[in-house]
Amino acid sequence: MLKNILIVVSDIEKSKAFYQEYFGLIVKNNFGENVILTEGLVLQEQKIWEQLIETHTVIGNASELFFLESNLDAFLCKIEKYMSESGQVMNVRVNSWGKRVVRLTDPDGHIIEVAER
């Protein structure tokens with residue numbers, strides 16, 4: 001049984017604030033450089049991760065996080081400022097099954113896809 005997904009981040013506070021503000025995730029456990037959020041997302045500071053695996057890592061876009069939103073229009077309004085400040089284009093598309101979806105990246109370049117429920 002899969003319990004959590006861990007992503008490596010360069011700035012734990014910045015990433016924690018991003019996922020709290022835009023996705024409504026709540027901190028369940030805070031161990032400093034390792035934070036467990038609701039929905040099973042774990043953020044771990046890059047320096048700690050590298051100590052654990054004893055090698056340098058490159059963080060970013062080698063995977064994708066997927067979220068469902070019941071009100072995609074409200075989410076798009078909420079994320080608009082972040083998208084413009086990060087230089088990302090808000091390209092909403094419609095999947096073949098008729099649901100709208102937007103793809104963006106978090107502060108470390110992790111790919112996030114948000115689709116309407």
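Because its relative accessibility is 37%, Leu 6 counts as partly exposed, a class lying between buried (under 20% relative accessible area) and exposed (over 50%), judged with a 1.4 Å probe on protein chains only. The model is a predicted one, in which local features need pLDDT of at least 70 and side-chain atom pairs count only at pLDDT 80 or more, while totals for chains, interfaces and linings use all residues. Residues are numbered from 1 along each chain as its sequence is written, and side-chain values use heavy atoms, with hydrogens and water left out.

Leu 6 is found in strand E1, where strands (E, at least two residues) and helices (H or I, at least four) are DSSP runs numbered from the N terminus. Leaving aside neighbours within four places in sequence, Leu 6 is in contact with Val 42, Gln 44 and Trp 49, contact meaning heavy atoms within 4.5 Å. Leu 6 and Leu 43 are 37 residues apart in sequence, yet 5.8 Å apart in space from C-alpha to C-alpha.

## Helix H3

Helix H3, which covers residues 72-86, has 15 residues and reaches 20 Å from its first C-alpha to its last, close to the 21 Å expected at 1.5 Å a residue, the expected span being 1.5 Å times one less than the number of residues. H3 bends by about 45 degrees at Ile 79, the bend being the angle between axes fitted to the seven residues ending there and the seven starting there.

The buried residues of H3, among them Phe 75 and Ile 79, pack against helix H1 and strands E5, E6, E7 and E8.
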